[in-house]
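Here's a quick briefing on charged side-chain pairs. Have a look at the model first, then read on.

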Amino acid sequence: MNRWGITIPFTGVPLAAHRELVQELPDLGYTDAWSAETAGTDAFSPLLLASQWAPSLRLGTAIVPVYTRGPGLLAMSAATLAECAPGRFVLGIGTSSPVIVEGWNATEFAEPFAKTRDTLRFLRAALAGEKVTEKYPTFSVSKFRLERIPDPAPPIMLAALRPGMLKLAAKEADGAITNWLAPTDVPKVREVLGQEPELAARIFVCPTEDAEAARGLGRLLISSYLTVPVYAKFHDWLGREEILAPMHRAWAAGDRKAANEAIPDEVVDDLIVHGSPEACRERVQSYVDNGLTTPVIALLPTGGDPFEQVRALRPN
């Protein structure tokens, strides 16, 4: 099945006002709606609403941090959504970032690989209805059992950017979720993950033919994200270490303007989809042609009507 996802909610649109478009998404050809969790809505609430508004959509979190909820609460949140969308919910978990975990949620960002692995193993047991008493390397759980066991248990996907987490996703999860990559980067990710597991990616789409405006917005996002250590290392691995070095030097010196200016157009055009809706659709499809299972469009604000843009970006 060809998948075509969209990220909800949309910037500047009240959550309750999404109903009209979410109900329409399946008829437009969208198969999936995925949420995120930074400092806006939580990951579960928009999907809970969507589960009732569009009963055929597959729903996914991309991603829920493994640090910001206790293990039991994370299992309960996932089980609740799985009950409301039986067989249609995918739980995406990952490390998030030190800014979100430590700066905003007062939790130590320690041992990210081990914490993700241990949370995955706990969730597998808990969502299967097991009574869990276990001393994991990064936390312990005593006598936890869900009162409402989802049937079926939702698949679990891992946020994965580099080989260690990609291999864990291939071995123990139901797929991988990645971010900030070009279509030509997909085969390198596939080499590690393998060809069988699901691979989802959030793709930033700016549907405007004003290339300079799109690149300006793209530069702001790239300098914000790709200077975070985990993304910096990801792009070093993908082969962009040299071309992004001037941006990193300027950022480290505290000069954001220079950092933005140091990002070449070719990098922006690789990582940000922009142009007419038709050109954007073709570019998103190129990710699929290179091995991506599930493209998840993240609509960037252009000043236009986001609902009309989502309609225009529908798959052919």
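Predicted model: local features only at pLDDT ≥ 70, side-chain atom pairs only at ≥ 80, totals over all residues.

Residues are numbered from 1 along each chain as its sequence is written, and side-chain values use heavy atoms, with hydrogens and water left out. Counting a salt bridge as a side-chain nitrogen of Lys or Arg within 4 Å of a carboxyl oxygen of Asp or Glu, you get 19 of them.

**Buried pairs** (buried: under 20% relative accessible area, exposed: over 50%, partly exposed: in between; 1.4 Å probe, protein chains only)

- D32 and R3 pair up in a salt bridge, with their closest N and O atoms 2.8 Å apart.
- D32 sits in strand β2 (residues 32–35) and R3 in the segment before β1 (5–7), so this bridge ties together parts 29 residues apart in sequence.
- D32 is buried at 0% relative accessibility, and R3 is buried too, at 16%.
- E198 and R58 also form a salt bridge, at 2.6 Å from N to O, and both residues are buried.

- R148 and E83 meet in a salt bridge at 2.6 Å, N to O.
- R148 counts as exposed at 55% relative accessibility, while E83 is partly exposed at 41%.

Note on methods:
Helix = DSSP H or I, 4+ residues; strand = E, 2+ residues; numbered from the N terminus.
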